[in-house]
Amino acid sequence: MISGRTGILGVIGHPVTHSGSPAMHNAALQATGLDFVYVAFGVPPEGAAAIGVAMRALNIRGLNVTVPYKQVVMDFLDEVSPEAQAIGAVNTIDHRDGRLCGHNTDAHGVLASLREDGGLHRLPPKVVLLGAGGAARAILYALLAAPEVEHIALLNRTVSRAEDLAAALHGGSRVTVGDITDVASLNDAGLVINATSIGMEPHSGVSPLGDGAGLHDSMVVLDIVYKPLATQLLQQARAVGARTVDGLGMLVHQGARAFELWTGVVAPVHIMRRAIQPA
Ligand SMILES: NC(=O)c1ccc[n+]([C@@H]2O[C@H](COP(=O)([O-])OP(=O)(O)OC[C@H]3O[C@@H](n4cnc5c(N)ncnc54)[C@H](OP(=O)(O)O)[C@@H]3O)[C@@H](O)[C@H]2O)c1
(Lines give C-alpha, C1' and ligand atoms only; values in the text may rest on other atoms or scores of the structure.)
Protein backbone atom coordinates (compact mmCIF):
# COMPACT_ATOMS: atom_id res chain seq x y z
CA MET A 1 0.00 0.00 0.00
CA ILE A 2 1.42 3.41 -0.97
CA SER A 3 1.45 5.82 1.99
CA GLY A 4 2.96 9.15 2.94
CA ARG A 5 6.15 7.32 3.90
CA THR A 6 6.59 5.38 0.65
CA GLY A 7 10.01 6.00 -0.92
CA ILE A 8 10.34 6.79 -4.60
CA LEU A 9 12.62 4.99 -7.03
CA GLY A 10 12.50 5.21 -10.80
CA VAL A 11 14.10 5.32 -14.21
CA ILE A 12 14.80 8.43 -16.29
CA GLY A 13 15.21 8.44 -20.03
CA HIS A 14 13.66 9.63 -23.25
CA PRO A 15 11.63 7.67 -24.14
CA VAL A 16 11.00 5.30 -21.20
CA THR A 17 7.53 3.94 -21.85
CA HIS A 18 9.08 0.72 -23.27
CA SER A 19 11.22 0.11 -20.16
CA GLY A 20 10.91 -3.20 -18.34
CA SER A 21 12.50 -1.73 -15.20
CA PRO A 22 9.24 -0.69 -13.44
CA ALA A 23 7.84 -4.23 -13.73
CA MET A 24 11.14 -5.77 -12.61
CA HIS A 25 11.74 -3.49 -9.61
CA ASN A 26 8.14 -3.33 -8.39
CA ALA A 27 8.04 -7.14 -8.40
CA ALA A 28 11.23 -7.16 -6.32
CA LEU A 29 9.91 -4.49 -3.92
CA GLN A 30 6.68 -6.40 -3.45
CA ALA A 31 8.51 -9.67 -2.82
CA THR A 32 10.82 -8.11 -0.23
CA GLY A 33 8.06 -6.04 1.42
CA LEU A 34 10.00 -2.78 1.12
CA ASP A 35 8.04 0.46 1.28
CA PHE A 36 9.08 1.87 -2.09
CA VAL A 37 7.44 2.38 -5.46
CA TYR A 38 9.34 2.44 -8.77
CA VAL A 39 8.10 4.65 -11.61
CA ALA A 40 9.23 5.72 -15.10
CA PHE A 41 10.05 9.40 -15.65
CA GLY A 42 10.15 10.36 -19.32
CA VAL A 43 12.36 13.45 -19.25
CA PRO A 44 12.39 15.59 -22.41
CA PRO A 45 15.77 17.12 -23.39
CA GLU A 46 14.83 20.53 -21.96
CA GLY A 47 14.32 18.89 -18.54
CA ALA A 48 17.73 17.19 -18.36
CA ALA A 49 19.43 20.01 -16.46
CA ALA A 50 16.82 19.81 -13.68
CA ILE A 51 17.16 16.08 -12.91
CA GLY A 52 19.46 16.57 -9.90
CA VAL A 53 17.38 19.43 -8.51
CA ALA A 54 14.23 17.34 -8.89
CA MET A 55 15.81 14.36 -7.09
CA ARG A 56 16.65 16.53 -4.12
CA ALA A 57 13.41 18.54 -4.08
CA LEU A 58 11.15 15.50 -4.37
CA ASN A 59 13.38 13.28 -2.23
CA ILE A 60 13.67 10.63 -4.94
CA ARG A 61 15.73 7.89 -3.28
CA GLY A 62 17.26 6.37 -6.40
CA LEU A 63 17.14 6.39 -10.18
CA ASN A 64 18.18 4.21 -13.03
CA VAL A 65 19.42 6.25 -15.96
CA THR A 66 18.95 5.25 -19.55
CA VAL A 67 19.43 6.73 -23.02
CA PRO A 68 20.18 9.63 -23.58
CA TYR A 69 21.20 10.74 -20.05
CA LYS A 70 23.93 8.30 -18.96
CA GLN A 71 26.70 10.86 -19.50
CA VAL A 72 24.81 14.11 -18.87
CA VAL A 73 23.92 13.21 -15.28
CA MET A 74 27.60 12.98 -14.34
CA ASP A 75 27.73 16.79 -14.40
CA PHE A 76 25.54 17.26 -11.32
CA LEU A 77 26.43 14.28 -9.13
CA ASP A 78 28.32 14.74 -5.88
CA GLU A 79 30.28 11.55 -6.46
CA VAL A 80 30.86 9.09 -9.31
CA SER A 81 32.19 5.60 -8.54
CA PRO A 82 35.59 4.70 -10.03
CA GLU A 83 33.87 2.04 -12.16
CA ALA A 84 31.35 4.52 -13.62
CA GLN A 85 34.19 7.01 -14.18
CA ALA A 86 36.15 4.43 -16.17
CA ILE A 87 33.09 3.31 -18.13
CA GLY A 88 32.22 6.96 -18.72
CA ALA A 89 28.52 6.47 -17.96
CA VAL A 90 26.19 6.34 -14.97
CA ASN A 91 23.19 4.00 -15.05
CA THR A 92 22.25 4.23 -11.36
CA ILE A 93 22.00 7.18 -8.96
CA ASP A 94 21.89 6.55 -5.23
CA HIS A 95 20.54 9.51 -3.20
CA ARG A 96 21.74 9.07 0.35
CA ASP A 97 22.37 11.52 3.20
CA GLY A 98 21.77 14.44 0.86
CA ARG A 99 24.39 13.26 -1.63
CA LEU A 100 23.85 12.02 -5.19
CA CYS A 101 26.22 9.17 -6.04
CA GLY A 102 26.55 7.73 -9.55
CA HIS A 103 27.27 4.07 -10.28
CA ASN A 104 27.42 1.82 -13.30
CA THR A 105 26.06 -1.69 -12.75
CA ASP A 106 26.40 -3.04 -16.32
CA ALA A 107 29.85 -4.59 -15.74
CA HIS A 108 28.50 -6.47 -12.73
CA GLY A 109 25.45 -7.45 -14.80
CA VAL A 110 27.40 -9.04 -17.63
CA LEU A 111 29.73 -11.01 -15.34
CA ALA A 112 26.84 -12.25 -13.18
CA SER A 113 24.95 -13.38 -16.28
CA LEU A 114 27.98 -15.21 -17.69
CA ARG A 115 28.34 -16.97 -14.34
CA GLU A 116 24.69 -17.79 -13.75
CA ASP A 117 23.43 -18.38 -17.31
CA GLY A 118 26.66 -19.35 -19.07
CA GLY A 119 28.21 -21.45 -16.28
CA LEU A 120 31.39 -19.37 -16.59
CA HIS A 121 32.67 -19.06 -13.03
CA ARG A 122 36.02 -18.36 -14.61
CA LEU A 123 36.20 -16.57 -17.95
CA PRO A 124 38.15 -18.19 -20.80
CA PRO A 125 41.56 -16.74 -21.73
CA LYS A 126 40.46 -15.61 -25.21
CA VAL A 127 37.35 -13.48 -25.79
CA VAL A 128 35.88 -11.81 -28.88
CA LEU A 129 33.85 -8.65 -28.14
CA LEU A 130 31.75 -7.23 -30.97
CA GLY A 131 30.92 -3.52 -30.76
CA ALA A 132 32.43 -0.32 -29.41
CA GLY A 133 29.40 1.63 -28.14
CA GLY A 134 28.22 2.27 -24.59
CA ALA A 135 27.46 -1.35 -23.70
CA ALA A 136 30.75 -2.60 -25.17
CA ARG A 137 32.60 -0.11 -23.01
CA ALA A 138 31.11 -1.51 -19.79
CA ILE A 139 31.77 -5.07 -20.96
CA LEU A 140 35.38 -4.35 -21.94
CA TYR A 141 35.87 -2.82 -18.49
CA ALA A 142 34.51 -6.03 -16.90
CA LEU A 143 36.70 -8.28 -19.08
CA LEU A 144 39.85 -6.26 -18.36
CA ALA A 145 39.12 -6.52 -14.63
CA ALA A 146 39.16 -10.34 -14.91
CA PRO A 147 42.82 -11.42 -14.65
CA GLU A 148 42.16 -14.79 -16.30
CA VAL A 149 41.23 -13.07 -19.57
CA GLU A 150 44.50 -12.91 -21.47
CA HIS A 151 43.31 -11.54 -24.79
CA ILE A 152 40.28 -9.66 -26.11
CA ALA A 153 39.66 -9.17 -29.84
CA LEU A 154 37.56 -6.00 -30.04
CA LEU A 155 35.79 -5.94 -33.41
CA ASN A 156 33.63 -3.10 -34.69
CA ARG A 157 32.25 -1.73 -37.94
CA THR A 158 34.01 1.58 -37.26
CA VAL A 159 37.50 0.38 -36.34
CA SER A 160 38.67 3.80 -35.13
CA ARG A 161 35.93 3.71 -32.48
CA ALA A 162 37.26 0.37 -31.22
CA GLU A 163 40.78 1.80 -31.17
CA ASP A 164 39.60 4.75 -29.09
CA LEU A 165 37.78 2.45 -26.69
CA ALA A 166 40.77 0.12 -26.21
CA ALA A 167 43.00 3.14 -25.52
CA ALA A 168 40.50 4.78 -23.14
CA LEU A 169 40.36 1.66 -20.98
CA HIS A 170 44.13 1.13 -21.17
CA GLY A 171 43.73 -2.29 -22.78
CA GLY A 172 47.41 -2.43 -23.78
CA SER A 173 48.55 -5.70 -25.36
CA ARG A 174 45.55 -7.59 -23.96
CA VAL A 175 43.26 -5.94 -26.52
CA THR A 176 43.63 -6.10 -30.29
CA VAL A 177 41.27 -4.22 -32.54
CA GLY A 178 39.76 -5.20 -35.89
CA ASP A 179 36.88 -4.96 -38.28
CA ILE A 180 33.68 -6.81 -37.39
CA THR A 181 34.10 -9.01 -40.49
CA ASP A 182 37.50 -10.27 -39.28
CA VAL A 183 36.40 -13.63 -37.89
CA ALA A 184 39.87 -15.26 -37.64
CA SER A 185 39.98 -14.47 -33.92
CA LEU A 186 36.94 -16.70 -33.35
CA ASN A 187 39.04 -19.85 -33.89
CA ASP A 188 40.52 -20.08 -30.42
CA ALA A 189 37.97 -17.91 -28.57
CA GLY A 190 36.14 -19.46 -25.62
CA LEU A 191 33.62 -16.62 -25.38
CA VAL A 192 31.98 -14.33 -27.95
CA ILE A 193 29.89 -11.36 -26.85
CA ASN A 194 27.71 -9.32 -29.17
CA ALA A 195 27.46 -5.76 -27.85
CA THR A 196 26.38 -4.23 -31.15
CA SER A 197 22.75 -3.45 -31.84
CA ILE A 198 22.72 -5.80 -34.85
CA GLY A 199 19.87 -8.27 -34.49
CA MET A 200 17.72 -5.91 -32.45
CA GLU A 201 14.13 -5.19 -33.50
CA PRO A 202 13.08 -3.99 -36.02
CA HIS A 203 16.17 -5.48 -37.73
CA SER A 204 16.04 -8.92 -36.15
CA GLY A 205 17.00 -11.79 -38.42
CA VAL A 206 20.46 -10.31 -39.03
CA SER A 207 23.64 -11.53 -37.31
CA PRO A 208 26.72 -9.41 -36.53
CA LEU A 209 28.73 -12.38 -37.86
CA GLY A 210 26.94 -12.59 -41.22
CA ASP A 211 26.43 -16.29 -41.92
CA GLY A 212 27.98 -17.24 -38.57
CA ALA A 213 31.17 -18.74 -40.03
CA GLY A 214 33.79 -19.26 -37.31
CA LEU A 215 31.39 -20.15 -34.50
CA HIS A 216 32.19 -23.53 -32.92
CA ASP A 217 30.96 -25.87 -30.21
CA SER A 218 33.63 -25.11 -27.61
CA MET A 219 32.59 -21.50 -27.08
CA VAL A 220 29.96 -19.65 -25.09
CA VAL A 221 28.08 -17.01 -27.10
CA LEU A 222 26.38 -14.12 -25.27
CA ASP A 223 24.14 -11.75 -27.21
CA ILE A 224 23.22 -8.77 -25.03
CA VAL A 225 20.42 -7.76 -27.42
CA TYR A 226 17.20 -8.61 -25.57
CA LYS A 227 14.54 -7.68 -28.12
CA PRO A 228 14.20 -10.35 -29.41
CA LEU A 229 15.82 -12.83 -27.01
CA ALA A 230 16.37 -15.55 -29.62
CA THR A 231 18.56 -13.50 -31.96
CA GLN A 232 19.91 -14.74 -35.25
CA LEU A 233 23.41 -14.93 -33.71
CA LEU A 234 22.20 -17.17 -30.88
CA GLN A 235 20.39 -19.41 -33.37
CA GLN A 236 23.59 -19.74 -35.42
CA ALA A 237 25.55 -20.51 -32.24
CA ARG A 238 23.03 -23.15 -31.14
CA ALA A 239 23.18 -24.77 -34.57
CA VAL A 240 26.92 -25.47 -34.17
CA GLY A 241 26.49 -26.70 -30.59
CA ALA A 242 27.83 -23.64 -28.74
CA ARG A 243 26.39 -22.75 -25.33
CA THR A 244 24.27 -19.62 -25.63
CA VAL A 245 23.29 -16.84 -23.23
CA ASP A 246 20.65 -14.23 -24.09
CA GLY A 247 20.53 -10.59 -22.99
CA LEU A 248 17.95 -10.97 -20.25
CA GLY A 249 20.42 -12.05 -17.56
CA MET A 250 22.61 -8.97 -17.94
CA LEU A 251 19.52 -6.75 -17.82
CA VAL A 252 18.25 -8.44 -14.67
CA HIS A 253 21.59 -8.47 -12.88
CA GLN A 254 22.38 -4.81 -13.57
CA GLY A 255 18.96 -4.04 -12.08
CA ALA A 256 19.58 -6.35 -9.14
CA ARG A 257 22.81 -4.54 -8.29
CA ALA A 258 20.99 -1.17 -8.42
CA PHE A 259 18.25 -2.55 -6.15
CA GLU A 260 20.87 -3.66 -3.63
CA LEU A 261 22.64 -0.28 -3.73
CA TRP A 262 19.38 1.53 -2.91
CA THR A 263 17.88 -0.85 -0.38
CA GLY A 264 20.76 -2.81 1.13
CA VAL A 265 18.59 -5.91 0.69
CA VAL A 266 19.61 -8.93 -1.41
CA ALA A 267 17.71 -8.69 -4.70
CA PRO A 268 15.26 -11.51 -5.53
CA VAL A 269 16.86 -12.10 -8.92
CA HIS A 270 14.53 -14.90 -10.01
CA ILE A 271 11.45 -12.80 -9.30
CA MET A 272 12.94 -9.88 -11.22
CA ARG A 273 13.70 -12.16 -14.15
CA ARG A 274 10.21 -13.63 -14.16
CA ALA A 275 8.71 -10.11 -14.14
CA ILE A 276 10.35 -9.16 -17.45
CA GLN A 277 10.64 -12.56 -19.14
CA PRO A 278 8.54 -12.41 -22.33
CA ALA A 279 5.62 -14.86 -22.24
N1 LIG B 1 21.20 -6.82 -22.00
C2 LIG B 1 21.50 -5.64 -21.46
O3 LIG B 1 21.47 -5.45 -20.25
C4 LIG B 1 21.93 -4.51 -22.35
C5 LIG B 1 22.55 -3.38 -21.80
C6 LIG B 1 22.93 -2.34 -22.64
C7 LIG B 1 22.69 -2.43 -24.02
N8 LIG B 1 22.07 -3.54 -24.51
C9 LIG B 1 21.83 -3.67 -25.97
O10 LIG B 1 23.10 -3.62 -26.59
C11 LIG B 1 23.00 -3.02 -27.88
C12 LIG B 1 24.05 -1.91 -28.02
O13 LIG B 1 23.73 -0.86 -27.11
P14 LIG B 1 24.69 0.42 -26.94
O15 LIG B 1 24.05 1.26 -25.90
O16 LIG B 1 26.11 0.01 -26.79
O17 LIG B 1 24.51 1.13 -28.38
P18 LIG B 1 25.50 2.17 -29.07
O19 LIG B 1 26.33 2.88 -28.07
O20 LIG B 1 24.65 2.94 -30.02
O21 LIG B 1 26.50 1.23 -29.96
C22 LIG B 1 26.01 0.53 -31.06
C23 LIG B 1 27.05 -0.47 -31.57
O24 LIG B 1 26.45 -1.26 -32.61
C25 LIG B 1 27.19 -1.08 -33.82
N26 LIG B 1 26.26 -1.08 -34.95
C27 LIG B 1 25.04 -0.51 -34.98
N28 LIG B 1 24.46 -0.74 -36.19
C29 LIG B 1 25.35 -1.46 -36.91
C30 LIG B 1 25.33 -2.01 -38.23
N31 LIG B 1 24.28 -1.85 -39.04
N32 LIG B 1 26.41 -2.73 -38.65
C33 LIG B 1 27.47 -2.89 -37.81
N34 LIG B 1 27.55 -2.39 -36.57
C35 LIG B 1 26.50 -1.68 -36.12
C36 LIG B 1 27.90 0.23 -33.66
O37 LIG B 1 29.01 0.24 -34.54
P38 LIG B 1 29.68 1.65 -35.01
O39 LIG B 1 30.58 2.07 -33.90
O40 LIG B 1 30.40 1.29 -36.25
O41 LIG B 1 28.53 2.61 -35.24
C42 LIG B 1 28.29 0.16 -32.17
O43 LIG B 1 29.40 -0.68 -31.97
C44 LIG B 1 21.54 -2.57 -28.00
O45 LIG B 1 20.82 -3.56 -28.71
C46 LIG B 1 21.06 -2.50 -26.57
O47 LIG B 1 19.67 -2.72 -26.45
C48 LIG B 1 21.69 -4.58 -23.73
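In which hand, left-handed or right-handed, does α4 pass α5? The crossing of α4 past α5 is right-handed, a crossing being right-handed if the near helix is turned clockwise from the far one by less than a right angle, and left-handed if anticlockwise.

## Basis of the description

The model is a predicted one, in which local features need pLDDT of at least 70 and side-chain atom pairs count only at pLDDT 80 or more, whereas totals for chains, interfaces and linings use all residues. Residues are numbered from 1 along each chain as its sequence is written, and side-chain values use heavy atoms, with hydrogens and water left out.

Helices (H or I, at least four residues) and strands (E, at least two) are DSSP runs, numbered from the N terminus.

## Helix α5 with α4

Two packed helices are described by the angle between their axes and the distance between the axes. Here axes are lines fitted to C-alpha atoms, for helices over the stretch in contact, and angles run from 0 to 180 degrees between N-to-C directions. Helix α4 (residues 106-116) packs on α5 at an angle of about 65°, and their axes are 8 Å apart.

On the α4 side the contact (heavy atoms within 4.5 Å) is made by D106, A107, V110 and L111, and on the α5 side by A138, I139, Y141 and A142. These residues divide into seven nonpolar, no polar and one charged, where Ala, Val, Leu, Ile, Met, Phe, Trp, Tyr, Cys and Pro count as nonpolar, Asp, Glu, Lys and Arg as charged, and the others, Gly among them, as polar.

## Helix α5 with α6

Helix α5 (residues 134-144) also packs with helix α6 (residues 159-168), at an angle of about 40° and with the axes 10 Å apart. That angle makes α5 oblique to α6, since angles under 35 degrees count as roughly parallel, over 145 as roughly antiparallel, 65 to 115 as roughly perpendicular and the rest as oblique.

The crossing of α5 and α6 is right-handed, and A136, R137 and L140 of α5 meet L165, A166 and A168 of α6 in the contact. By class, this contact has five nonpolar, no polar and one charged residues.

A48 lies in the loop between β2 (36-42) and α2 (51-57). Because its relative accessibility is 10%, A48 counts as buried, the classes of relative accessible area being buried under 20%, exposed over 50% and partly exposed in between (1.4 Å probe, protein chains only). Leaving aside neighbours within four places in sequence, A48 is in contact with V43, Y69, V72 and F76.
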